[in-house]
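Here are my notes on the structure you sent. Please read them with the model open beside you.

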Amino acid sequence: MKEIKRPEWTPDNPGAGFTTNVMDGIEASHDGMTHTSLKQHAATSVKRAKLTTEEHVAGVLAKDLNIISRTITLVESNSKTYIEAAQQVLKKLLPYTGKAVRIGITGLPGAGKSTFIEAFGSYLCNLGLKVAVLAIDPSSQLTKGSILGDKTRMEMLSRNKNAFIRPSPSGGTLGGVARKTRETMLVCEAAGYDVVLVETVGIGQSETTVREMVDFFLLVLLPGAGDELQGIKKGSVEIADALIVNKADGDNVQKAELTASQYRMAVHYIQPSTEGWETKVGTVSAIKGNGIPETWQMINDYMNFIKSNGFYKQRRDRQTLNWVYSMVEEQLLLHFYEDPAIKEMITKLEPELIKGEVTPTSAVTTLLDNYFEE
Ligand SMILES: Nc1nc2c(ncn2[C@@H]2O[C@H](COP(=O)(O)OP(=O)(O)OP(=O)(O)O)[C@@H](O)[C@H]2O)c(=O)[nH]1
Ligand SMILES: [Mg+2]
């Protein structure tokens, strides 16, 4: 008979009425609870084994979703060692990048960007294309996590096997967030995504930042008149290659058409974002799917146009160089303002500047001389 093990606190000579005994633990992949697994638990709570550069590269090229996600996580890391590791991976992926149609999408909160992406992305997937959805959300520092690229607003698309949705990296400067999104875009391209959609709300410089990383830039508008009413920043229309008035459904159809015709007139007077391409204006209903195929057709016409006149390559080359220089600028600024000696000098100089005891120019000279002497 199997020996009965008793707990330590068992009284001497327990009678037959004492039923407590000790059962051996289970040496298995679960902890006795249904639907849980120690193995799975270990995978989420303990750091997974690091992948080698080769494993990252091979996994991305093999379109392995798990490795694509892990590579993006690596790319999004802020730690110096991981940044270096990410660069090794990116360098090897670089020859496989660049083939996607890169589309930026902006518009006020509530204009329907996510709903549009849901409809447009699903349409493209049905055409057999692979679609990656990324976002740049400078406000996510405040909101923690991301409102953009929100999978709940793209339910249908997030379930599509041809789609990959990655929310905005959070935290850090806009430049830092943009670097991560750009590099994520490269990872997605290497993984064979044909179209990359980058969503952003027009906060601060985020629109210009996205314009600088895409081929085509789309502004989503609401039915209603004029820039003033829509609260659109003056520059938003100028940097767009097309404006779409969304929510052209139900009672809004006429209003949307009117808005579109007003913008159509307005864009005659502005410098187009892409030389030789007159900014297109149309209406869509993201919810009903109206205007979605037309939008893709228009983007195809545009891509053919910029590829045939050389503007495509020119812009991409310029974007790469500008990206490098903007990173240099950002790093230099960061290095300067985070320097402890400079910080101390600034604290001392500010009141002197305000009292008029020091001139701005001499303050600059003092700071820079000090910085470069170190
Ligand atoms: N009637 C109608 N409503 C729409 C349409 N597209 C979006 N909406 C609604 O508008 C609201 C905002 O849509 P979102 O797609 O979340 O807008 P967004 O621009 O992504 O918003 P943020 O991510 O917050 O900047 C939602 O309630 C949508 O259901 C449309 O074509 N027609
Ligand atoms: Mg959204």
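1. Burial and overall make-up. Buried residues account for 34% of the 374 residues in the chain. Keep in mind that this is a predicted model. The chain holds 16 helices and 7 strands. Take the contacts between residues at least 6 apart in sequence: 69% of them join residues at least 24 apart.

2. The core. The largest nonpolar core has 73 residues. Ile103, Val187, Val196, Val198 and Leu218 touch the most other members. Helix H8 (residues 174-190) gives the most to this core, with 7 residues. In general, nonpolar side chains in soluble globular proteins tend to be buried together.

3. Valine 187. What does valine 187 touch, once residues up to four places away in sequence are set aside? The list is Val60, Ile68, Thr71, Ile72, Val75 and Leu93.

4. Isoleucine 67. Helix H3 is the place to look for isoleucine 67. Is isoleucine 67 buried or exposed? It is buried, because 20 other C-beta atoms lie within 10 Å and the cut-off for buried is 20 or more. Leaving aside neighbours within four places in sequence, isoleucine 67 is in contact with Leu51, His56, Gly59 and Val60. The C-alpha atoms of isoleucine 67 and valine 57 are 8.8 Å apart, and these residues are 10 apart along the chain.

5. Two lysines with positive phi. Most residues other than glycine have a negative phi. Lysine 63 has a phi near 65 degrees, a positive value. Phi of lysine 247 is also positive, near 65 degrees. Please check both backbones. Lysine 63 sits in the loop between helix H2 (53-61) and helix H3 (65-75). Lysine 247 sits in the loop between strand S6 (242-245) and helix H12 (253-267). Lysine 63 has 14 C-beta neighbours inside 10 Å, so it counts as partly exposed. Lysine 247 has 25 C-beta neighbours inside 10 Å, so it counts as buried.

6. Arginine 159. This residue lies in helix H7 (residues 155-159). Arginine 159 is exposed, because 10 other C-beta atoms lie within 10 Å and exposed means 12 or fewer. Arginine 159 and serine 122 are 37 residues apart along the chain. Their C-alpha atoms are separated by 9.8 Å.

7. The H15–H16 pair. Helix H15 (residues 340-355) packs with helix H16 (residues 360-373) at an angle of about 170 degrees. The axes are 11 Å apart. Angles over 145 degrees count as roughly antiparallel, so H15 is roughly antiparallel to H16. On the H15 side, the contact is made by Ala341, Ile342, Met345, Leu349 and Leu353. H16 brings Pro360, Ala363, Thr366, Leu367, Asn370 and Tyr371. By class, this contact has 9 nonpolar and 2 polar residues, and no charged residues.

Technical notes:
Residues are numbered from 1 along each chain as its sequence is written. Chains are lettered from A and ligands numbered from 1 in the order in which they are written. This is a predicted model: local features need pLDDT of at least 70, side-chain atom pairs count only at pLDDT 80 or more; totals for chains, interfaces and linings use all residues. Axes are lines fitted to C-alpha atoms, for helices over the stretch in contact, and angles run from 0 to 180 degrees between N-to-C directions. Helices (H or I, at least four residues) and strands (E, at least two) are DSSP runs, numbered from the N terminus. Angles under 35 degrees count as roughly parallel, over 145 as roughly antiparallel, 65 to 115 as roughly perpendicular and the rest as oblique. Two residues are in contact if their C-beta atoms, placed from the backbone, lie within 7 Å. Ala, Val, Leu, Ile, Met, Phe, Trp, Tyr, Cys and Pro count as nonpolar, Asp, Glu, Lys and Arg as charged, and the others, Gly among them, as polar. A nonpolar core is a set of buried Ala, Val, Leu, Ile, Met, Phe, Trp, Tyr and Cys residues joined through C-beta atoms within 7 Å.
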